[in-house]
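Trainee: I have a model open on my screen. How do I read a helix and a core in it?
Mentor: Let us take the helix, then the core.

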Amino acid sequence: MEMIVQVTMEVKIPTDRCNINEIFDAVSKARDAYAEKLALTVIEAYQQQVVQTLCRPSGLVAKKGLGLHEAKGSAGRRCRCRRFKRAGYWSDVREFASDVGSIAFRPALIACRRCGKRITPILGALELDGYQSKTDQLFRKTMEAIAETSYRRSSEPLEVLTHVPVAKSTLHRWAASVDWPVSEGTGSRFLLADGTGFKRQPGQRGEVRMVLEMAENGTFRPLGVWAGTDWQAISRQLKARLKGPPELLMSDGERGIERWLSGLTRGTARCHWHFPRGSSYLLWKEKVPLAERKDVLRRIRRLLAIEIPQEDMEVVSREDKEALRERIASSEAELYRLHEDFAQKGYSKAADYFDRARHRLFSHLRLWLQTGIVAPRTTSLIENIIRELVRRLKKVGWNWSDAGATRMGRMVMIRRYDSESWRRYWQSRMNLQGRCDIKLLKWEISHAA
Ligand SMILES: [Zn+2]
């Protein structure tokens, strides 16, 4: 189909004075007005074209993919007939929101010449779902706006990019309606996992859990966000997504993470930021006197302060490596002494905590000694990300169900930290093949006065 649209615009500066802002303001209003009209014009012309094609007695090739229908009165059975006659229009208009404004048009009906079934061919031709009320362009732009940081401060409806203000609750319903694709692992060396609670509804707590993979150069991508899914189930899902076992699992030592995720990686490491804090907290809970707590913390800080040498692993001398191995062994021995000491004094929680951690605090050093790979020492990256995510879930002020929070969380993560998956998702959803082309052919100016 081809058509020529002629547009004649009038530009007036009645007093012969205006500034640049006024000019651009007027230009964008004019553009908005003709964009909406142009979209409607093209849709209506396209509809005429589709109806005409289907109502022609011949032209099976031209009709390909159009006018598919079930035979009237027999559900599930396809009618093979492709010959139709016009059958009027809907009594209502079909309306949908787009990023250039709201579009309303009257869909045409046709009736099958064999079975008599009445269908609306434009919906299938436009690849519109039966109840779809917005274009994917608008959907995509609003999802991108939700994922922006500034949005959490605003309680206004979102109007940045559309002339159709969309209420926040609607946006959240949209965000929670999409099954975002899962992210496959790319074979990065490190797996970081963390979980945190968030207030869901008054008096109800939810759990958000997150896993990301991180490469040696610090690049990372989220592998998943879950609400109300336990680590055992997450572990099963990850197993299918990972591309070979990562070198190290990094976490704050949460039991569920270590129990269910450590089997997915070659080694397990403990965050060096959390360990002293966790110890201090447990000792305080066991009512250990302040002076003793301070002393324990000093010892922990000292034994954690083993640095990976600045040089590449290959050029570090055998003696220096041996010295490093000895320091690790003596630090682990000291951790064991602390564990025994706590056990004797009856600080059972702290004793257990030290026992579980002592072989995991120096995993990054052992990895370096074996391979020269430098691993992160803390989980601060994933913690910052999950904190940001929870803040967003709280601020948007919705009573999230677990499924809703999972989808919302995944959407925000993919948008912010995985632009490639984001792009691919929309490309496949929108089915953009460049089959509509609009060109500016002529630009004529006539000076009136
Ligand atoms: Zn039919």
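This is a predicted model: local features need pLDDT of at least 70, side-chain atom pairs count only at pLDDT 80 or more; totals for chains, interfaces and linings use all residues.

Trainee: How many residues does helix H8 have, and what does it reach from its first C-alpha to its last?
Mentor: H8 runs over residues 290–304, which is 15 residues. Its reach is 21 Å, close to the expected 21 Å.

Trainee: Which residues of H8 are buried?
Mentor: Val296, Ile300 and Leu303. Viewed down the axis of H8, the buried residues fall within an arc of 70 degrees, so they line one face of the helix.

Trainee: What does the face turned away from the buried side of H8 carry?
Mentor: Exposed residues: Leu290, Ala291, Lys294, Asp295, Arg298, Arg301 and Arg302.

Trainee: And what covers the buried residues of H8?
Mentor: The cover includes helix H7 (274–285) and helix H9 (318–345).

Trainee: Now the core. What is the general idea?
Mentor: In soluble globular proteins, nonpolar side chains tend to be buried together. Here the largest nonpolar core has 67 residues. Those with the most contacts inside it are Leu192, Val208, Met210, Val211, Met250, Ala350 and Phe354. Helix H13 (residues 402–417) gives the largest share of this core, 6 residues. At least three residues come from each of domain 2 (137–179 + 426–430) and domain 3 (190–417).

Conventions:
Residues are numbered from 1 along each chain as its sequence is written. Helices (H or I, at least four residues) and strands (E, at least two) are DSSP runs, numbered from the N terminus. The expected span of a helix is 1.5 Å times one less than its number of residues. A residue is buried if 20 or more other C-beta atoms lie within 10 Å of its own, exposed if 12 or fewer, and partly exposed in between; C-beta atoms are placed from the backbone. The arc is that of the directions from the helix axis to the C-beta atoms. Two residues are in contact if their C-beta atoms, placed from the backbone, lie within 7 Å. A nonpolar core is a set of buried Ala, Val, Leu, Ile, Met, Phe, Trp, Tyr and Cys residues joined through C-beta atoms within 7 Å. Domain bounds come from an automatic or database domain assignment.
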